[in-house]
Amino acid sequence: MRKKLLCLCAAVLLDLCFLGIVCRLAVGMQWEDLAKVEQADQTDQTVSSPECFSGGELALTFDDGPHRVYTKKLLDGLRERGVKASFFLVGENIPGNEELVRQMAKDGHLIGVHCMAHVDLARQPIEKSVEEIRETADRIEAVTGKRPEYIRPPYGSWSTELQEKVSMTPVFWDVDTLDWKNRNTARIVKHICKNAAVHTVVLMHDAYQTSVDAALETIDTLTAEGYTFVTIEECLID
Ligand SMILES: [Zn+2]
């Protein structure tokens, strides 16, 4: 996994450079974090778009769901706290979990595309990637009635060709919690809180109990410090 991620990071950096300026201004996301994905627990050095982090706003984003158990726990915790987040869904995980997707929509969370089967979209024939994105968007729209406008490409792997073919806004991140790897609630909370003052878009995965616990603990901690939590769309509007 480590090798794979590093290879992917190197391969996509060039492509992402073409998109970088637009993406930074649009969503406050940073591709440099791809190259630092293995630097667990180091302070993220990248700088977010100023319009995104003014006012102590954070956008919690969750990839790889919906998960029958953990997405449900997370959604209930977010509802209790009146907090909205952004979810980037895997199309194959939607059948059987439609009620969770409906709960996301009902509670005002942003729902975007992750992929159909968690592939590297920039590393396979473009027609196949476009089809996977379309199919995932179809599945989301079939449940929510709304066509997704945002995509979080797996591994952050995107290209100018995909951008030309897919009329969606790619969303990256500027705080990588590595929650899928460390599975340590206290460590995840500490990492987010340490970076909250200067970063905006937090990458997590609603597929682990530790991630759910960390997200809710982070919300409680940072809310007490005056932070507010927004969706990617609200971040853009601000
Ligand atoms: Zn993923």
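## Close-up views of a predicted protein model

View 1. Helices (H or I, at least four residues) and strands (E, at least two) are DSSP runs, numbered from the N terminus. Before moving on, please note that this is a predicted model, in which local features need pLDDT of at least 70 and side-chain atom pairs count only at pLDDT 80 or more, while totals for chains, interfaces and linings use all residues. Residues are numbered from 1 along each chain as its sequence is written, and side-chain values use heavy atoms, with hydrogens and water left out.

**View 2. The buried residues of helix 10 pack against several other elements.** Look for Thr210, Ser211, Val212, Ala214, Ala215, Leu216, Thr218, Ile219 and Leu222, which are the buried residues of this helix. Buried means under 20% relative accessible area, exposed means over 50%, and partly exposed lies in between (1.4 Å probe, protein chains only). The packing partners of these residues include strand 1 (57–63), helix 4 (70–81) and helix 9 (185–195). Just after helix 10 you will find Gly226, which takes a positive phi of about 95°.

**View 3. Thr185 of helix 9 meets residues of helix 10.** Thr185 is found in helix 9 and counts as buried at 17% relative accessibility. Leaving aside its neighbours within four places in sequence, Thr185 is in contact with Thr210, Asp213, Ala214 and Glu217; contact means heavy atoms within 4.5 Å. A polar atom of the Thr185 side chain lies 3.3 Å from the backbone oxygen of Thr210.

**View 4. Three residues of the protein donate to a zinc ion.** Along the chain, the donors follow the spacing D-x49-H-x3-H. Asp64 lies in the loop between strand 1 and helix 4, and His114 in strand 3 (residues 110–115), so this pair ties together parts that are 50 residues apart in sequence. Asp64 counts as partly exposed at 21% relative accessibility, whereas His114 is buried, with a relative accessible area of 2%.

**View 5. The loop between strand 1 and helix 4 holds Asp64 and Pro66.** Asp64 has a positive phi of about 85° although it is not a glycine. Gly65 and Pro66 are joined by a cis peptide bond, with omega of about 0°.

**View 6. Two aromatic pairs can be found in the structure.** Rings of Phe, Tyr and Trp (its six-membered ring) pair if their centres lie within 6.5 Å; planes under 30 degrees apart count as stacked, over 60 as edge-to-face and the rest as tilted. Phe62 and Phe87 form a stacked pair, 5.4 Å centre to centre with 25° between the planes. This pair links distant parts of the chain, with Phe62 in strand 1 and Phe87 in strand 2 (residues 86–90), 25 residues apart. Phe62 and Phe87 are both buried. Phe172 and Trp173 form a tilted pair, 6.4 Å centre to centre with 50° between the planes. Phe172 is buried at a relative accessible area of 3%, and Trp173 counts as buried at 5%.

**View 7. Leu178 has a positive phi of about 55° although it is not a glycine.** You can find Leu178 in the loop between strand 6 (175–176) and helix 8. Is Leu178 buried or exposed? Its relative accessible area is 5%, so Leu178 is buried.

**View 8. The structure holds zero disulfides.** A disulfide is a pair of cysteine sulfur atoms within 2.5 Å. Cys115 is buried, with a relative accessible area of 0%, whereas Cys193 is partly exposed at 25%.

Conventions:
Donors = N, O, S within 2.8 Å, 3.2 Å for Na, K, Ca; no water. Polar contact = N/O pair within 3.5 Å; in protein donor to acceptor, adjacent residues only side chain to side chain.
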